[in-house]
There are 2 protein chains.
Amino acid sequence: MDVAIVGSVALDSIETPNGSVERALGGSATYASIAASYFASAGVVGVVGGDFSKKHIAALRRRGVDLEGLEIIPDGKTFFWRGRYEPNLNDRTTLETQLNVFETFSPKMPASYCQRPFLLLGNIHPELQMRVLDQVRRPRLVLCDTMNLWIETALEPLRRLLRRVDILCVNDSEARQLSGKVSVPAAAESLLASGPKRVIVKRGDHGCSIYGRRGFFSIPACPVRRPVDPTGAGDTFAGGFLGYLASQGRVDDATLRQALVVGSVMASFCVEAFSVTGILRLNRADVVSRCRELHRAALFQPIRLGRWLA
Amino acid sequence: MDVAIVGSVALDSIETPNGSVERALGGSATYASIAASYFASAGVVGVVGGDFSKKHIAALRRRGVDLEGLEIIPDGKTFFWRGRYEPNLNDRTTLETQLNVFETFSPKMPASYCQRPFLLLGNIHPELQMRVLDQVRRPRLVLCDTMNLWIETALEPLRRLLRRVDILCVNDSEARQLSGKVSVPAAAESLLASGPKRVIVKRGDHGCSIYGRRGFFSIPACPVRRPVDPTGAGDTFAGGFLGYLASQGRVDDATLRQALVVGSVMASFCVEAFSVTGILRLNRADVVSRCRELHRAALFQPIRLGRWLA
């Protein structure tokens, strides 16, 4: 089954302790659609300017990403972000943001996308995410990503949006911020009460969890010995997660658990190189091998307590 | 089999957003021995002053903790710590530390303890941990806990100690600090090269991992909806971990994985109440039920990728 992905398509200038890149391919829809494209047909809804190089378009096309929904504004400039990561690769500073063509962007779903049963509302303003939702008829599953910026500046539209999505995908600090709860389990419980049927909590290099009304499931992160650039890891996770679900055509508990593993594995490839380089040319064997590594790392036998000294 | 535990026995005054306690029972050996005592006979090596109330001694005795190695210095005062936790319950400020009888403490293993095959070097100065190690003959397993304070102020003795322990137990930031590596897997690899056969990395409310030369194993944390006081959670984890191993009399890979689960479950009870209240009166059914919850939360089916769109 097919996936439609709305989000940013961007040019990123990134500095990390391991080096830097200038005006590299980035954006939430870019990372997510590349990750999803290995498992399902992925169509992007986004906007770029005339400065968006043909090379980038070609790279996405080669990956099989459907660009019918990518608007090109020839006399506009592509969304640009410049950021610098601290040595811990977790904390980052935004040095420059140019919204450019994104300032007036209004996402338009091509008619052919409206039948795609899996919809990823990538990390953009919640009002824009809502406009996409208004254009589709009952998708099978809507996954919504967001970030601290929208929690701080667009809380009301975000809350309205949450009532209409199936799965919310946030990191642990966003989960706490959005719910006002200190503990992640309490935050997840509160977020589940606000609309979504499930909440995914990303825990960076500690792994991730999915919470539902009847319980939770957690996996460790795929070990990355030499992380290079964490940009886009969350988007890659979301794209891999939804792409795998679409490929299975099922959204039961067991498949959701597997999708979390696949998303996590895809994200581990993402952080191993700058921009999208780590995920542009993956082969099946590498992905399968990391899924197996995670399976081995998470497996334990039920505990049978012997004596109990009361 | 039996466990010997060296560490601090202390009085703690703790403030958290959920309340406070004054001169409550605390210390690394206290938490660890209580946790271990449900699974194995646990003997403490430590020191207290004349101000250490009979009530505390009685509470430990009722729990079956062997206090033969607890030195009481009638005209001395017990180690005292006062701290305050931030609303996130992760960051804390030490407001007061009185070493008191700990200033001149030199641990002495009672002859009866020297045969205990499982030894926990709880979180105290590495020179003191070393002195304990010098008094025992080839224990089956030595688990060593430490903290940022010793990494900063006693790095050399700590490094010497690491060559003589089987398992090192640290949290993720200590693992990074001690190894100088950014990523936890790289940190674990480096620490494994410095002596211990295994390294446990505690990740707070994200779970924990154990790294060995042939791979790693990770589990999520046991969900705690309303954490009250995280003091002693790491010590409780270590005590539960080693106590379970001792009860099984095996230290193979499968048993180590189960021990990590048991340690994590014990720690979840610890943070639900101030001081040791959460772990003093546990029943078997509650512990078994949380172990099962973790098992359900970590279980997934091997991933079989369907189509792969190269």
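This is a predicted model: local features need pLDDT of at least 70, side-chain atom pairs count only at pLDDT 80 or more; totals for chains, interfaces and linings use all residues.
Helices here are DSSP runs of H or I with at least four residues, numbered from the N terminus, and just after one such helix, α8(B), the residue G249(B) takes a positive phi of about 65°.

Of the 16 residues of α8(B), 14 are buried, so the helix is largely enclosed by the rest of the structure.

How many residues of chain B are in contact with chain A? There are 60 residues of chain B in contact with 60 residues of chain A, and the area buried between chain B and chain A is about 5300 Å², with carbon and sulfur atoms giving 60% of that area. Within the area that chain B buries against chain A, H206(B), F300(B) and W308(B) supply 15%, more than any other three residues.

Between chain B and chain A, 34 residue pairs are in polar contact, counting pairs with both residues at pLDDT 80 or more. The elements that give two or more residues to the side of chain B that touches chain A are α6 (172-179), α7 (184-192), β13 (215-219), α8 (233-248), α9 (253-270) and α11 (284-298) of chain B, and of these α11(B) gives the most, with 10 residues. By residue class, the side of chain B that touches chain A divides into 35 nonpolar, 12 polar and 13 charged residues. The rule finds four salt bridges across the interface of chain B and chain A, and R225(B) forms a salt bridge with E189(A) in which the closest N and O atoms are 3.1 Å apart.

H206(B) deserves a separate look. It is placed in the loop between β11 (198-202) and β12 (208-212) of chain B, and H206(B) counts as buried because its relative accessibility is 12%, under the cut-off of 20%. Leaving aside residues up to four places away in sequence, H206(B) touches D172(A), R203(A) and H206(A), together with I219(B), P220(B) and A221(B). Its side chain is joined to that of R203(A) by a polar contact of 2.9 Å and to that of D172(A) by a polar contact of 3.5 Å.

Over all chains, the count comes to 34 salt bridges. In one of them, E96(A) pairs with R82(A), the closest N and O atoms being 3.4 Å apart; this pair links distant parts of the chain, with E96(A) in strand β7 (residues 92-98) and R82(A) in strand β6 (residues 79-85) of chain A, 14 residues apart. E96(A) is partly exposed at a relative accessible area of 29%, and R82(A) also counts as partly exposed, at 22% relative accessibility.

In chain B, the side chains of D66(B) and R116(B) meet in a salt bridge of 3.1 Å, N to O. D66(B) lies in strand β5 (residues 66-73) of chain B and R116(B) in the loop between β7 (92-98) and β8 (118-121) of chain B, so the pair ties together parts that are 50 residues apart in sequence. D66(B) counts as partly exposed at 24% relative accessibility, whereas R116(B) counts as buried at 9%. Back in chain A, salt bridges that share partners join E22(A), R82(A) and E96(A) into one network.

Definitions and conventions
Residues are numbered from 1 along each chain as its sequence is written. Chains are lettered from A and ligands numbered from 1 in the order in which they are written. Side-chain values use heavy atoms; hydrogens and water are left out. Contact means heavy atoms within 4.5 Å. Buried area is the accessible area (1.4 Å probe) that two parts lose on being put together, summed over both. A polar contact is a pair of N or O atoms within 3.5 Å; within protein, one must be able to donate a hydrogen and the other to accept it, and residues adjacent in sequence count only if both atoms are side-chain atoms. Ala, Val, Leu, Ile, Met, Phe, Trp, Tyr, Cys and Pro count as nonpolar, Asp, Glu, Lys and Arg as charged, and the others, Gly among them, as polar. Buried means under 20% relative accessible area, exposed over 50%, partly exposed in between (1.4 Å probe, protein chains only).
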